[in-house]
Amino acid sequence: MSAQPTAAGRQGTRSRSQHERRKRIMAAAAALASRGGVEKMQMRTVADRAGVALGTLYRYFPSKINLVAAVASEELDLLEASLDRRPPGVSTPSGRATEVLMRAARGLMREPELADALIRSLLVSDVKAGLGDRMSGLLLRASVGTDAEVSAGDPRRVPVGALCSVWIMEMIEMLRGRAASDDVQARLQVAADRLLADF
């Protein structure tokens, strides 16, 4: 007599297949965005490319902006993992913050259309994805050190948030072809030096 799968086993299989399906959807969305920005990320096209029903896609992501925000969050996961593997090597808080921002910029600029979609999602999304907060958190960790305790009310979050806003505007300039990487880095360093002077 063959053993019946347990409830936990069925749940584990279902969770794995749901995880794989979600990864396929996000990969399809990122591929479409990298070839034409947000406009190419039509939900039906994403569903077709991911091999899922349109209703299934909407169960995972109720709107296109939810999907873009999820892709942006995944890009931040990659940045965070790279920072864990290779922390910034600069000695000053402002230098470390600038290095993090430039790593993020270079990573995004490898796929300019996708970068444009992600930056737009940061600017216009009302989805509570916390992308700006996550980017600020990465900068704060890099600036003050990964072992430092930073409370939610820490006043250092304000200048770091301002520096993130400067970075977003500089990314827009790069994406529009109005600024070179070296110019952006120089301006970010000036902003970081001033904003993080008390760190």
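Guide: Start with the contacts in the chain between residues at least 6 apart in sequence: 69% of them join residues at least 24 apart. Contact means heavy atoms within 4.5 Å. This is a predicted model, in which local features need pLDDT of at least 70 and side-chain atom pairs count only at pLDDT 80 or more, while totals for chains, interfaces and linings use all residues. Residues are numbered from 1 along each chain as its sequence is written, and side-chain values use heavy atoms, with hydrogens and water left out.

Now the confidence. pLDDT is the predictor's confidence in each residue, from 0 to 100. The chain has a mean of 86, and 87% of its residues reach 70 or more. Helix α9 (residues 181–195) has the highest confidence, at a mean of 97, and helix α6 (residues 112–124) the lowest, at 78. Where pLDDT is low, predicted coordinates should not be read in detail.

Next, the fold. The chain has nine helices and zero strands. Helices (H or I, at least four residues) and strands (E, at least two) are DSSP runs, numbered from the N terminus. Of the 199 residues, 39% count as buried. Buried means under 20% relative accessible area, exposed over 50%, and partly exposed in between, with a 1.4 Å probe and protein chains only.

Here is the part itself. Helix α7 covers residues 131–144, which makes 14 residues. From first C-alpha to last, α7 reaches 20 Å, close to the 20 Å expected at 1.5 Å a residue. That expected span is 1.5 Å times one less than the number of residues. After α7 comes G145, with a positive phi near 105 degrees.

Which residues of α7 are buried? They are L131, M135, S136, L138, L139, L140, A142 and S143. An α-helix has 3.6 residues a turn, so residues three or four places apart point the same way.

Take S136, in α7. S136 counts as buried, at 13% relative accessibility. Beyond its neighbours within four places in sequence, S136 is in contact with V160, G161 and C164.

Now the charged residues. The structure holds nine salt bridges. A salt bridge is a side-chain nitrogen of Lys or Arg within 4 Å of a carboxyl oxygen of Asp or Glu. One of them joins R134 and D77, at 2.8 Å from N to O. R134 lies in α7 and D77 in helix α4 (residues 64–85), so this pair ties together parts that are 57 residues apart in sequence. R134 is partly exposed, at 24% relative accessible area. D77 is partly exposed too, at 40%.

R141 forms a salt bridge with E80, the closest N and O atoms being 3.0 Å apart. E80 lies in α4 and R141 in α7, so the pair ties together parts that are 61 residues apart in sequence. E80 is partly exposed, at 25%. R141 also counts as partly exposed, at 28%.

What links these residues? D77, E80, D84, R134 and R141 belong to a network of salt bridges.

D154 and R156 meet in a salt bridge at 2.8 Å, N to O. Here D154 is buried, at 12%, whereas R156 is partly exposed, at 27%.
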